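Work through these exercises with the model open beside you. Try each task before you read its solution.

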Amino acid sequence: MAEAHQAVGFRPSLTSDGAEVELSAPVLQEIYLSGLRSWKRHLARFWNDFLTGVFPASPLSWLFLFSAIQLAWFLQLDPSLGLMEKIEELLPDWGGQHHRLRGVLAAALFASCLWGALIFTLHVALRLLLSYHGWLLEPHGAMSSPTKTWLALVRIFSGRNPMLFSYQRSLPRQPVPSVQDTVRKYLESVRPILSNEDFDLTSVLAQEFLRLQASLLQWYLRLKSWWASNYVSDWWEEFVYLRSRHSLMVNSNYYMMDFLYVTPTPVQAARAGNAVHALLLYRHRLNRQEILPTLLMGMRPLCSAQYEKIFNTTRIPGIQKDHIRHLRDSRHVAVFHRGRFYRVGTHSQSGLLSPRALEQQFQRILDDPSPACPQEEHLAALTAAPRDVWAQVRSSLKTQAEDTLEAVEGAAFFVSLDSEPAGLTREDPAATLDAYAHALLAGRGHDRWFDKSFTLIVFSNGKLGLSVEHSWADCPISGHMWEFTLATECFQLGYSADGHCKGHPDPSLPQPQRLHWDLPEKIHLSISLALRGAKTLSGNVDCHVFPFSHFGKSFIKRCHLSSDSFIQMALQLAHFRDRGQFCLTYESTMTRLFLEGRTETVRSCTREACNFVRAMEDKEKTEPQRRAMFRLAVEKHQALLKAAMSGQGVDRHLFALYIVSQFLHLQSPFLDQVHSEQWQLATSQIPVQQTHLFDVHNYPDYVSSGGGFGPDSHRLGQHIEDALLDVACLFQEGPRPKLRCRGLQEEDSGHRHGSLPCHTGGSRAPTKSTNL
């Protein structure tokens, strides 16, 4: 996946300028700047919340408190215990006729102070409550009395109707794990894949690191954790994403698919109109904080900071480092069709354009017969070029076509109206799904603006998809938006009988604005080279998507197993059968239990997982033995997952230690070895977050088939399918439905909506591109 690509390839640019400086000065300066950026974000959020009337709490709550104080004063009761009289004495004396006004002002000041103190107390109490993680370690389905009490208190202190960012000031900061525990867990994770010789050498390096360097590096991390919002997330964004000089295409972006089995309308412009309208409705709800905060297991709120950059956001290339540019608002989208760029306004004086009006605008673009200008057709290939190359070309482009470039980069998002159909077909389901995934991930190399936070892709047959840039947020954020978009455009907005958007066209709307590029002669060669590189990279990527319909999540739940752990063990089995060995496995999980948390790595290839795989390949092992080993492997995986989610993972801590060592110019053979490791198997899975939006019982075909990242090394499709079936066959006892296992003829009786869509892939020619 993209994170694994970038995590392996990053090399921090922290070289000194040669001046004689104290070793600790650069890292202290960086920690200071991290904290400064954090406080600026806090102030910006505070001001925005103040303007929207949601901070510190609703103004109605202050008005209620003030009215209660006034009522008590009218009844000759003093709830302030004399404080209001003291405040009134301190106010200027405006004469006898203004005595009543001074009393009201004193009551207002007292109410404001009391209101602020109550809100602050609630925030502190809620932060202390949210620091409790004991609930995460309890067995699934069981809840102890302390956890029940904790949950009740969280709900009381959270208020009746929490908004999207209501919990942000109450979330705890991500803790810095013990460096001894991190090193111990690391050694445990690499033991199954290293020979005895290599493991002994790694252990020696680890002990040397703990003895010589660990305490100093850890001190700096603790200092940063006290001063900044998060001790690792801003460095992760900077060094893994923004400082990467590789192409964004395949290496950083990921894709999301439409409904797998149905297309609500075959009219391309209509589908684009409804989808764009639904996306802008989501943005409207986001701006008003009307999106409900995500609660893990329905109990624990997650950090919502990443939602801020979904829209109006562009990754701007730089020579050494990119930066993320986010605008407060944008009233247009940039559209690409047949090599031409357009600016389409999304609002009129009366507000957001209707879906039918947006369809009309997109249809005008589709009907436009004008040809693309020379080199304009392939201009977007520059966004798929290496970042330093694109940064240099963009400087020239900005001087010649600043307004046009601003229209694209300043858009709410990018829309690509493709000229080809896509999606699953009954005639050749495997090949068409693979082509669909490849089209979303890479396109033709010149028909996506990869710098934008996301590109909405609408194919000629009405199929949809997203291509998402990774640096600004992680998959659950864009996945939440995509679920809302699909459900809204299909079930709420809907289509007329002839496939068009509901409503009437608006003939008074001006034509979409055709964007013209004044391309200097010197960048023509750059565009040609970028296009050639994008096509080469795209051609080296092999995507494979298949819907696994033998059984689904409900079967795994009936076995009292975690679906995530179930699939991870099957992946270990599939990889071993394909390569005959075990490898470092990257599984991404979230750390959004903490303020501004992003992700952590679960190292799924454990000793218990390896023992289970060997048992599956050992004909002398019985099914009860294999089943027992499988449950041990699942329990170990769940323990690692929960530790990672609660801030006790391995990789982000080691990453932060490595960054500090580079700032200090401190060589550590142990950290160098850690960050030279290759993730041969990178995995990720995101469950549906808003199940209430989809009626899978009455409309089982209206579910998305998920999405995927650029593959790391090789495809495991058939091996995964066989491994899933073989693992499931261990649990065919009792009343459970028979599964279609290898060597058996029974068909699965589950519904199609219980299937598990699998996205795998690899490189057709890995020697051609070291990024794959």
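**Exercise 1: The whole chain**

The protein chain has 24 helices and 19 strands. The model is a predicted one.

Task: What percentage of the 772 residues in the protein chain is buried? What share of the contacts with a separation of 6 or more comes from residues 24 or more positions apart?

Solution. 
- Step 1. Start with burial. Buried residues account for 55% of the 772 residues.
- Step 2. Turn to the contacts. Take those with a separation of 6 or more; 81% of them join residues 24 or more positions apart.

**Exercise 2: A helix pair**

Task: Compare helix α7 (residues 179-190) with helix α8 (residues 196-212). At what angle do they pack, and how far apart are their axes?

Solution. 
- Step 1. Read the geometry. The angle is about 170 degrees, and the axes lie 11 Å apart.
- Step 2. Apply the cut-off. Angles over 145 degrees count as roughly antiparallel. Therefore α7 is roughly antiparallel to α8.
- Step 3. List the contact residues. From α7 come V179, Q180, V183, Y186, L187 and V190. They meet F199, T202, S203, A206, F209 and L210 of α8.
- Step 4. Sort them by class. The contact of α7 with α8 holds nine nonpolar residues, three polar ones and no charged ones.

**Exercise 3: A glutamate in a helix**

Task: Locate E238 in its helix. Is E238 buried or exposed?

Solution. 
- Step 1. Find the helix. E238 belongs to α10, residues 233-242.
- Step 2. Use the cut-off. Buried means under 20% relative accessible area. E238 has 8%, so E238 is buried.
- Step 3. Check the contacts. Leaving out residues up to four places away in sequence, E238 touches E30, R243 and K321.

**Exercise 4: A three-stranded sheet**

Task: Three strands form an open sheet. In what order do they come, and which are the edge strands?

Solution. 
- Step 1. Write the order. It is β16-β15-β17, with mixed pairing.
- Step 2. Find the edges. β16 and β17 (681-683) each pair on one side only, and they are the edge strands.
- Step 3. Neighbouring strands are turned by 30 degrees against each other on average, direction ignored.
- Step 4. Inspect one pair. β15 (residues 585-590) and β16 are antiparallel over five bridges. T589 has E600 of β16 as its bridge partner, and S588 has T601.
- Step 5. Check β16, residues 599-603. Five of its five residues are buried. T599, T601 and R603 point one way, while E600 and V602 point the other way.
- Step 6. α19 (residues 563-579) lies across β15 and β17, at about 160 degrees to β17. α22 (residues 651-663) lies across β15 and β16, at about 115 degrees to β16.

Methods
Residues are numbered from 1 along each chain as its sequence is written. This is a predicted model: local features need pLDDT of at least 70, side-chain atom pairs count only at pLDDT 80 or more; totals for chains, interfaces and linings use all residues. Side-chain values use heavy atoms; hydrogens and water are left out. Axes are lines fitted to C-alpha atoms, for helices over the stretch in contact, and angles run from 0 to 180 degrees between N-to-C directions. Helices (H or I, at least four residues) and strands (E, at least two) are DSSP runs, numbered from the N terminus. Angles under 35 degrees count as roughly parallel, over 145 as roughly antiparallel, 65 to 115 as roughly perpendicular and the rest as oblique. Contact means heavy atoms within 4.5 Å. Ala, Val, Leu, Ile, Met, Phe, Trp, Tyr, Cys and Pro count as nonpolar, Asp, Glu, Lys and Arg as charged, and the others, Gly among them, as polar. Buried means under 20% relative accessible area, exposed over 50%, partly exposed in between (1.4 Å probe, protein chains only). Two strands pair if DSSP finds at least two bridges between them.
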